[in-house]
Amino acid sequence: MNAPTTRRLTVAQALVEFLAHQYTERDGRRHRLIGACWGIFGHGNVAGLGQALLESGDALPYLQGRNEQAMVHAAVGYARQCDRLSAHAVTTSIGPGATNLVTGAALATVNRLPVLLLPGDVFATRPADPVLQQLEVPHAGDVSVNDALRPVSRYFDRVTRPEALIPAALQAMRVLADPVDTGAVTLALPQDVQAEAYDWPEAFFADRLWRVPRPAPDADALAEAVRLLRAARRPLLIAGGGVHHAEAEDALREFADATGIPVASTQAGKGSLRHDHPADVGGIGHTGTATADALAREADLVIGVGTRYTDFTTASSTLFAAPGVRFVNLNIAAFDSHKLGAVSLVADARAGLEALGKELSGHRVATAYEAGYTAAKQEWERRVDAAYAAPDDSVRPSQTQVLGVLDALVDETDVVINAAGSLPGDLHKLWRARSRRQYHLEYGYSCMGYEIPAAIGVRLAAPDRPVWALVGDGTYLMNPTEIVTAVQENLPFTLVLLQNHGYASIGGLSEQTGGERFGTAYRFRAGDGTYTGAPLPVDLAANAASLGMQVLRAQSVAGLRAALAEARGAKRPTCVYVETETADTVPGAPEAQAWWDVPVAETATRPAAVAARQAYDRQAAGRRRHL
């Protein structure tokens, strides 16, 4: 009998070769599991993974980033656009390169999106101790800064011996491909181990297929859910991000067509139905529409599909107010399907909706109920039209008018990206999503600085789609560096940069909670210590141009319309810069239709804080635990 064949490679070379042969498959379609590797090199990965990526050629494409956190954001944007069936790896040096991954890892794990993190680590053999950038922990010699990634990773391992890579790499792929467990996966790689050679079994490098299943719901749970649905008089379905991840939009549309049950959406689930579908009632929760939130308050049955029920969705447990309201949760993760005391359907969103639709054949909500939410939807659309409208084309636009101009320009192919600030609230309430992946809001972690790198990731996944990154001045200042990456890689996208001279969202929240907008404006400091002077002489458009973007400055609604149209057809990364009027001077988006719990000081001396606490106590009295 011949001995098993082996190949002598370093650990880094073996890992790169292994990653190039991993695939996912769902519904008979195969995808590269690891499509590329982002990297910023330093000691800890330059002589290991850096050399291995160079040697591999096109087997595992390399992408150069400028900021480690931003590389993770780009990878997450790519994975979401790929419905979690393909992901990117990210490699960094030890020390600050590794710790810069933590925020991106948390974002990936919170949003259940796969990314493989490959930070360098200190020497496993400790020939010099400490090495440059090593954190010394007197009570634990085996701790490094990479341990900060443990709580934000779905799987973590430190590969301290070459042969340990085999089980670690296989476990990493299992988690990345698992729709329940996926998130950030970290393999910490000591720099000496990366360069160490080992005789690897050839089987380690064979093509490996990770099948992504579509589990069906349990028959008894399905029967109970159907019984509740047939008995409900005011049912409401909430579409979460799981609808998109499962490619269940067609199944949801068929379910809504057959039953007439209205469909509201979370930030992650928006676009599950087109905005003009008769059953689509818009966003739900604190940033939701009046239509959806009114239905939620009166619903006797709530069907959650692929949602985590965050506090924005539930209005901090005040939204579902009807006596005796029940919940049916369809989710591939049992952890989420059991929330709110629900009847739990642990299943793939598409498989579960198809099963529910089959069992509900012939059932439809009452005509009066359908007519009621249809009329409310039409009234809300009139409010959206009013928010989008400008008195004439010569005025400086408000933020909502910027959205209105963009809304009139895009079609089903465009992708709109945002994550933080006041824009998510306006978008959730107002944006008219036209296709399943047009609306790309990262609101699980709501991370400032996500938008620009995510636009790059989306563009890599969908090179033929126009991509828009909507960014306020506060977010832009957090993380503009990947503009250089987009220029270097010739990845056209449009940055819509809104200048409003401060943190608009947190400024509004500060005012509501008695903080009087303290510390939220970008203005000169006055003599009394307040920041109420003139706006700072900062030119963000010039900054974007200095990083390589084509910049179009818009001074009016008409100028904005022309600039956005030009940018949509641009062949290079382009910035449309517009200084917006504030919400205090022009009509804006409708105010929040539901509460959000941000605790207010129980005792205070300033009248604004005292009044805010009184309002807080009134709202908090409506909180409810659904058991």
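The lining of the second largest cavity comprises five nonpolar, three polar and four charged residues, where Ala, Val, Leu, Ile, Met, Phe, Trp, Tyr, Cys and Pro count as nonpolar, Asp, Glu, Lys and Arg as charged, and the others, Gly among them, as polar. The model is predicted, with pLDDT of at least 70 needed for local features and 80 or more for side-chain atom pairs, while totals for chains, interfaces and linings use all residues. Residues are numbered from 1 along each chain as its sequence is written, and side-chain values use heavy atoms, without hydrogens or water.

A cavity is a set of points on a 1 Å grid over the protein atoms alone where a 1.4 Å probe fits but cannot get out, and its lining residues have an atom within 4 Å of a point; points are joined across faces, edges and corners, and the volume is the space filled by probe spheres set on them. Three cavities of 30 Å³ or more were counted under this rule.

The largest cavity has a volume of about 160 Å³ and is lined by 21 residues, of which Lys270, Asp280, Gly282, Glu381 and Trp431 lie nearest its centre. Its lining divides into seven nonpolar, eight polar and six charged residues.

Glutamine 593 is buried, with a relative accessible area of 18% (buried, under 20% with a 1.4 Å probe, protein chains only). Beyond neighbours within four places in sequence, glutamine 593 is in contact (heavy atoms within 4.5 Å) with residues including His286, Asp293, Trp380 and Arg383.

Key:
On a 1 Å grid over the protein atoms alone, a cavity is a set of points where a 1.4 Å probe fits but cannot get out, and a pocket is an open set with protein on both sides within 12 Å along at least five of seven lines; lining residues have an atom within 4 Å of a point. Buried means under 20% relative accessible area, exposed over 50%, partly exposed in between (1.4 Å probe, protein chains only).
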